Amino acid sequence: CSFLYRCCVRIANAMGYRRVLTYTLADEGGASLRGAGFTMTGKSGGGKTSLALQIACNIGYVGKKNVLFISLEMRGEEIVSRMFCNQKEYDNYRLRIGAYSPDFEAKEKDFMVYLSSIDFELVEYGYNFKEIIHVTENYYTQDRRPDLIVIDFAQLIDWQEIGDERLAIQEYVRKLAELAKTKNIAIILVSQLRRFPSGADYNRPPDMIDLKGTGALEQLSHVV
C-alpha cells in the first residue's frame, strides 16, 4: 500500500498538488495494497486522467506489476500519446499537429523500448461489469492476472439497462469492490466532482458530498 502512496504523492507533487490525503482504519495494519479500492476524483479538466495514467505507468514500470487501464472516455491512441508525452516530456500539442522536433524519432524508439518493458494492457471498453469480467478472463490467465485495474471514469458507465444512473454506478462500484476483495486486485476508479451550485466557493477544497453520482463511491472505496 505504501508503494502506491509514494507513487501518488510523487506524481501529485510534480503536477502541482499541495497535499494527498488518505487514512487507515484502526483495525487495519495498512500493510497491503491488494484487495483495495481507491477512488480518484476531481473537477472536469483537472488532470484526473493524466494523474491516473502516471500512477498506473509508475506501478507497472517501477513496481513491475501487471496493470490494466480501462479507458471509457479517451481512445487508445490518445492514451498512448499522453503516455509518450509524459515519459519523454514532449509537447502534446506539437505531437497532435505533427510538428515533430529533431529528436522525435529517438524519443519514439526509447518509448517503444519502455512499452515493451511493462505489462500494461489498455482497453477501450468496460462500460458495464460484464465487460470488465470479459477482459480479465480473456486477456489474462490463472498464472497472470492484473495487480492493478484503473477505470477512467465512473460517470461514463452504461446505466441504460438499470434505468437509473445513480443505481447503476452503485451496483458497478459494489461489484468492483467484490472483485478487488475476491481476486486480490487493487482498483483505482476515476470519478468526477459534481458542478458547484451558483454562488458556491469554487476555490474551497472538495468534500465527500461533492462526489458526482452516488454515495457508494465513498462507502465502498477504501480511499477517496
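A search of the whole structure turns up eight aromatic pairs, where rings of Phe, Tyr and Trp (its six-membered ring) pair if their centres lie within 6.5 Å. In one of these pairs, the rings of Phe-84 and Tyr-90 have centres 5.5 Å apart and planes at 55°, so the pair is tilted; planes under 30 degrees apart count as stacked, over 60 as edge-to-face and the rest as tilted. Phe-84 is buried, at a relative accessible area of 5%, and Tyr-90 is buried as well, at 9%. Here buried means under 20% relative accessible area, exposed means over 50%, and partly exposed lies in between (1.4 Å probe, protein chains only). Tyr-100 and Phe-104 make a stacked pair, with 4.3 Å from centre to centre and 20° between the planes. Within this pair, Tyr-100 is partly exposed, with a relative accessible area of 46%, whereas Phe-104 is buried, with 13%.

Residues are numbered from 1 along each chain as its sequence is written, and side-chain values use heavy atoms, with hydrogens and water left out.

The protein chain has eight helices and five strands. Helices (H or I, at least four residues) and strands (E, at least two) are DSSP runs, numbered from the N terminus. Read from the N terminus on, the elements follow the order α-β-α-β-α-α-α-β-α-β-α-β-α. Of the 224 residues in the chain, 41% are buried. Contact means heavy atoms within 4.5 Å; among contacts between residues at least 6 apart in sequence, 72% join residues at least 24 apart.

Confidence is given by pLDDT, the predictor's confidence in each residue on a scale from 0 to 100. The chain has a mean pLDDT of 80, and 71% of its residues reach 70 or more. Among the elements, helix H5 (residues 104–116) has the highest mean pLDDT (94) and helix H1 (residues 2–14) the lowest (65). The pLDDT is below 50 over residues 28–34, a stretch with 15 contacts in the model beyond near neighbours in sequence. Where pLDDT is low, the predicted coordinates should not be read in detail.

Two helix pairs can be set side by side. Two packed helices are described by the angle between their axes and the distance between the axes. Axes are lines fitted to C-alpha atoms, for helices over the stretch in contact, and angles run from 0 to 180 degrees between N-to-C directions. The axes of helix H6 (residues 129–138) and helix H7 (residues 165–183) come within 10 Å and cross at roughly 25°. That makes H6 roughly parallel to H7, as angles under 35 degrees count as roughly parallel, over 145 as roughly antiparallel, 65 to 115 as roughly perpendicular and the rest as oblique. Phe-129, Ile-132 and Ile-133 of H6 make the contact with Tyr-172, Lys-175, Leu-176 and Leu-179 of H7. By class, this contact has six nonpolar, no polar and one charged residues, with Ala, Val, Leu, Ile, Met, Phe, Trp, Tyr, Cys and Pro counted as nonpolar, Asp, Glu, Lys and Arg as charged, and the others, Gly among them, as polar.

Helix H2 (residues 48–61) and helix H3 (residues 76–88) pack at about 70°, with their axes 10 Å apart, which makes H2 roughly perpendicular to H3. Thr-49, Ser-50, Leu-53, Gln-54 and Cys-57 in H2 meet Ile-79, Arg-82, Met-83, Asn-86 and Gln-87 in H3. The contact of H2 with H3 comprises four nonpolar, five polar and one charged residues.

Some single residues also deserve a look. Lys-64, in the loop between H2 and strand E2 (67–71), has a positive phi near 55° and is exposed at 58% relative accessibility. Glu-89, in the loop between H3 and H4, has a positive phi of about 50° although it is not a glycine; Glu-89 is exposed, with a relative accessible area of 74%. Asn-92 lies in helix H4 (residues 92–97) and is partly exposed at 27%. Not counting residues up to four places away in sequence, Asn-92 touches Ser-81 and Cys-85. Finally, the peptide bond from Asp-152 to Phe-153 is cis, with omega near 0°, and Phe-153 is found in the loop between strand E4 (148–152) and H7.
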